[in-house]
Amino acid sequence: MVVSVGTPESGRTFCEALPFPAELLYLDDANQALYKALDLKSGFAAFFSKETAQGWRTKNTDGLKDVLAGYKMIKPLTLDSTKQMGGMYVLNGNQCIYSFQDPGPGIHAPSEDVLYAVLKNA
């Protein structure tokens, strides 16, 4: 499942562009209740943090041009939604077996950590 801030229209655009199964997309409204309940970071300060700068320095951006070539801008729901960081949660039934809160834009859960959590609990 993917959680995002948006409207049904922006959700359809997202699903069509990737493609991504619409039944796995949950849209949090402008109040961002789920993001707040999960205590995910928000604010422009995250864009300029040491963690963000370090994370981008270590990224391999070779394929970024190709990705951006097919990028379709989806209008943000609100200005606040543009500064909302996300996270990664792996659930096994009702139990959270892995969580990661993005410290800044483009800084996401390490794939190997997520896969380890999934395989360890398979």
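Biologist: Which residues of helix 1 are buried?

Modeller: Ser-10, Gly-11, Thr-13 and Cys-15. Buried means under 20% relative accessible area, exposed means over 50%, and partly exposed lies in between (1.4 Å probe, protein chains only). Helices (H or I, at least four residues) and strands (E, at least two) are DSSP runs numbered from the N terminus. The buried residues of helix 1 pack against strand 2.

Biologist: What should I know about the model first?

Modeller: This is a predicted model: local features need pLDDT of at least 70, side-chain atom pairs count only at pLDDT 80 or more, and totals for chains, interfaces and linings use all residues. Residues are numbered from 1 along each chain as its sequence is written, and side-chain values use heavy atoms, with hydrogens and water left out.

Biologist: How many helices and strands does the protein chain have?

Modeller: Five helices and four strands. Along the sequence, the pattern is β-α-β-α-α-α-β-β-α. The C-alpha trace spans about 40 × 35 × 30 Å along its principal axes. Of the 122 residues, 24% count as buried.

Biologist: How do I read a contact, and what does Thr-52 touch?

Modeller: Contact means heavy atoms within 4.5 Å. Thr-52 lies in helix 3 and is buried, at 5% relative accessible area. Leaving aside residues up to four places away in sequence, Thr-52 touches Ala-46, Phe-47, Pro-103, Gly-104, Pro-105 and Ile-107. Take Pro-105: 53 residues separate it from Thr-52 along the chain, yet their C-alpha atoms are 6.6 Å apart. Across the chain, take the contacts with a separation of 6 or more: residues 24 or more positions apart account for 57% of them.

Biologist: Where is Ser-81 found?

Modeller: In the loop between helix 4 and strand 3. Ser-81 counts as buried, at 15% relative accessibility. Its contacts, not counting residues up to four places away in sequence, are Val-5, Gln-32 and Pro-76.

Biologist: How many salt bridges does a search of the whole structure find?

Modeller: Two. A salt bridge is a side-chain nitrogen of Lys or Arg within 4 Å of a carboxyl oxygen of Asp or Glu. One joins Glu-51 and Lys-41, with the closest N and O atoms 3.9 Å apart. Glu-51 lies in helix 3 (residues 50-57) and Lys-41 in the loop between helix 2 and helix 3, so the pair ties together parts ten residues apart in sequence. Glu-51 is partly exposed at 44%, and Lys-41 is partly exposed at 37%. Another salt bridge joins Asp-80 and Lys-83 at 3.2 Å, N to O. Asp-80 is partly exposed at 42%.

Biologist: Which residues make up the largest nonpolar core?

Modeller: In soluble globular proteins, nonpolar side chains tend to be buried together. A nonpolar core is a set of buried Ala, Val, Leu, Ile, Met, Phe, Trp, Tyr and Cys residues joined through side-chain atoms within 4.5 Å. Here the largest has five: Val-90, Tyr-98, Ala-109, Val-114 and Ala-117. Ala-117 touches Ile-97 and Tyr-98, not counting residues up to four places away in sequence.
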